[in-house]
Amino acid sequence: MLELVDISKRFKKIEAVKSLNMFIEQGEIVGLLGPNGAGKSTAISILSTLIEPTQGDVRFLKESVIQKPAPLRKAIGVVPQEIALYPQLSAEENLLFFGRIYRLKGSKLKQRVNEILELIGLTEKRKALVDSFSGGMKRRLNIGVAMLHNPQILIMDEPTVGIDPQSRSYILETVKRLNKEHQMTVVYTSHYMEEVDYLCDRIYIMDQGNLIASGTKEEIKQILSSENTISIQADRWNSMFIAQLKGHESITKVHVEEDEITLITPKEVNLFSEIISMTEEYGIALRSLHVKSPTLEDVFLHLTGRALRD
Amino acid sequence: MKGILLARVREFIRNPFTFLLFTGMSIVFAWVISSMNVGGGGGGLPVPVYVEEGADGYQSFLEQQEAFQFYPVDKETLEEELREGEADTGVILSKNRFDILVGVESPNAGLIQQTVQEVYTTDIQETLIGDTADAAGMEADQAVSAYKETLSDGTFDLAVNSFSGEESWKYDDNVHRIGGFALFFAIYTIAYGVVKILTEKRMGVWDRIILSPVKKSEMYIANLLYSFIEGYLQILIIFSVFYFWRGITFNDQMIEILLMLIPYALAIVAMSILITALVKNVEQFNAAISIITVSLAMIGGAFWPLEIVSNPVLLFLAKLNPIKYGLDIIQGAAVYGYSFTELLQPISILTLMAVLFTGIGIHLMEKRHI
């Protein structure tokens, strides 16, 4: 349905996207996962015809849309990362304004505005100025505006940045419902692994402009099928202990957080007894030590040596 | 396009404070500074005069002076006005002498004394010439008129040019202050309207509109048209306030002046687009617009008449400045009584600026993806 074919984008000296290939089929939710600066937003802007690639092609229903973007523009609704609304207008006035620019008129426009307000749960706040909204309400309206013209494909660029857990959950449920009930195709970018894991059928993982993995969730997690992800939890760490883990010949990746260390090791190696004796040696009060099921975060750690939110 | 305009109008109704602030400031500045009568003109500073018997001739000479407005009062009133502080300085005219009474020390006292002294000196000179001519057996009247003729010819010619190249220039303080401040503050109103394009681009609103069936040209036209209307409305309000409230008639040419100022407002919209295209963010724009606006006002003659500027560099810079041409239109029509045809030059230059700056500005904006 929608394809990015060997796309590259260069901004002066920075190559934001390098030879990216991606396809989106009708009715699926596709996730674009990567840390900040991975090139996700640039890829999304190219996909929605807002910027032209330096090289490569964007195809919608097998037709190139770089020179003639109108058919694709009609079919997509874009939820930008920024709150692209008029703060001095009410929720209803914003929807009416953006509805009018999509040539909706009269009773059809009013009906659509009511449907959207209902969908995003802002019917009661329809007359309130956007300026007075919480971050979560603004994000919901930001999504609502993109859906006014009933697009086939909803492209969402980090739609849950900086909002409370309740609003995030509302947004995720709404996206899931739109996909199930209205067969809406969704392209969802995020650096929150859990969101992509929860929502998406297929995932593309980007880092520093490169596509580093793609496939279904299961396929991606299979990358770690020959390895174990070991989690060590304790209150405090000792630098000698960390150094010894990093220098260990059987440990391929070490990621240290405040109260958790994640290790990636070959499946056939059992390091449990060795780790326990090391914690005793360095006086570390161990809280837990276990092998985890691999997550997308672990895959990213395995592929790049860094965590998604580093 | 209609939708974008309506949204801007609705936003303006919700938040008109910037517009009201700049409109209010123009009115207050023009009114207060005109009331202070800085630089003279506009009827001059009122000075009470008590005229003793036989000094009526001096009074009529003084009434012809433009720098001060000498008005006759009786001696008690003169003393009372000085005592109460209603007047700084008063004058008593006698047959062969005059007295300057100073109530409050001010630089005007010296100037008043000089003005009165000149009248008396001229009279004494003419009397002496008449007496000498009489004594020499000549016609006294002929000798005095020959003396006056020589004086009016002058020792050397003084040439002063105005914008239209005339040999002398006229000045109306009220018209200049109102015009200067109206044009100056309109720049802020228009510029802060145009910079919304930059804000909306940063917010992603423009991207949303680009993806809609609305054309990019419609987006630019709607935004620029709105900024023009807002700035022009401000100029209209300021002129109307002074017309109806202070009775400034602008030589009965207010409507003509306002129509001829349309290219000025368009040129400022265009200049704002150019500045918006050259900066990277709103913070840079705010800093740039403050510096540029004040410089334009100073160089373009918004605060003082350009005719008193002699520096060739400043005069050259003024020629690149839309405020100068805006003021040329206002002064030309209100002070010199010029018609539209006679003011075609500043109107054409402003129109050219509008076209040129808009073209370059939009081209740069699109090229730089601002």
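Let's start in chain B, with residues 12-33. This span is 91% helix and 0% strand, and its end C-alpha atoms sit 30 Å apart. Keep in mind that we are looking at a predicted model.

Take 285-306 of chain B as another example. That span is 73% helix and 0% strand. Its end C-alpha atoms are 28 Å apart.

Now, where do the two chains meet? Chain A brings 19 residues to the contact, and chain B brings 17. On the chain B side, α1 (2-14) and α8 (205-211) each supply at least two residues. Which element of chain B gives the most? That is α8(B), with six residues. By class, the chain B side has eight nonpolar, four polar and five charged residues.

Over to chain A. It has eleven helices and 14 strands. Of its 310 residues, 38% are buried. Look at contacts in chain A with a separation of 6 or more. Residues 24 or more positions apart account for 68% of them.

Next, the cores. As a general point, nonpolar side chains in soluble globular proteins tend to be buried together. Here, the largest nonpolar core has 85 residues. Which members touch the most others? They are A:L154, A:I155, A:V187 and A:Y188. Helix α3 (residues 91-101) of chain A gives the most to this core, with six residues. Stay with A:I155 for a moment. Setting aside neighbours within four places in sequence, A:I155 contacts A:I44, A:L47, A:S48, A:I76, A:V78, A:V79 and A:V187. There is also a second, separate core, of 66 residues. Its members include B:I187, B:I190, B:V195 and B:M271.

Which of its residues are buried? A:V113, A:I116 and A:L117. Those three cover an arc of only 100 degrees around the axis, so they fall on the same side of α4(A). They pack against α3 and α5 (135-146) of chain A. On the other side of α4(A), A:S107, A:K108, A:Q111 and A:E118 are exposed. Just after the helix comes A:G121, with a positive phi of about 70 degrees.

That brings me to backbone angles. Most residues other than glycine have a negative phi. Here are two that go the other way. A:K62 is not a glycine, yet its phi is positive, about 70 degrees. A:K62 sits in the loop between β4 (55-60) and β5 (63-64) of chain A. Buried or exposed? A:K62 counts as exposed, because it has 7 C-beta neighbours inside 10 Å.

The other is B:F250, with a positive phi near 55 degrees. Where is B:F250? In the loop between α9 (216-245) and α10 (254-260) of chain B. B:F250 has 22 C-beta neighbours inside 10 Å, so B:F250 counts as buried.

To recap the pair: A:K62 is exposed, whereas B:F250 is buried. That's my tour. Thanks.

Technical notes
Residues numbered from 1 in each chain as written. Chains lettered and ligands numbered in written order. Predicted model: local features only at pLDDT ≥ 70, side-chain atom pairs only at ≥ 80, totals over all residues. Contact = placed C-beta atoms within 7 Å. Helix = DSSP H or I, 4+ residues; strand = E, 2+ residues; numbered from the N terminus. Nonpolar A, V, L, I, M, F, W, Y, C, P; charged D, E, K, R; others polar. Core = buried A, V, L, I, M, F, W, Y, C linked by C-beta atoms within 7 Å. Buried ≥ 20, exposed ≤ 12 C-beta atoms within 10 Å, placed from the backbone. Arc of directions from axis to C-beta.
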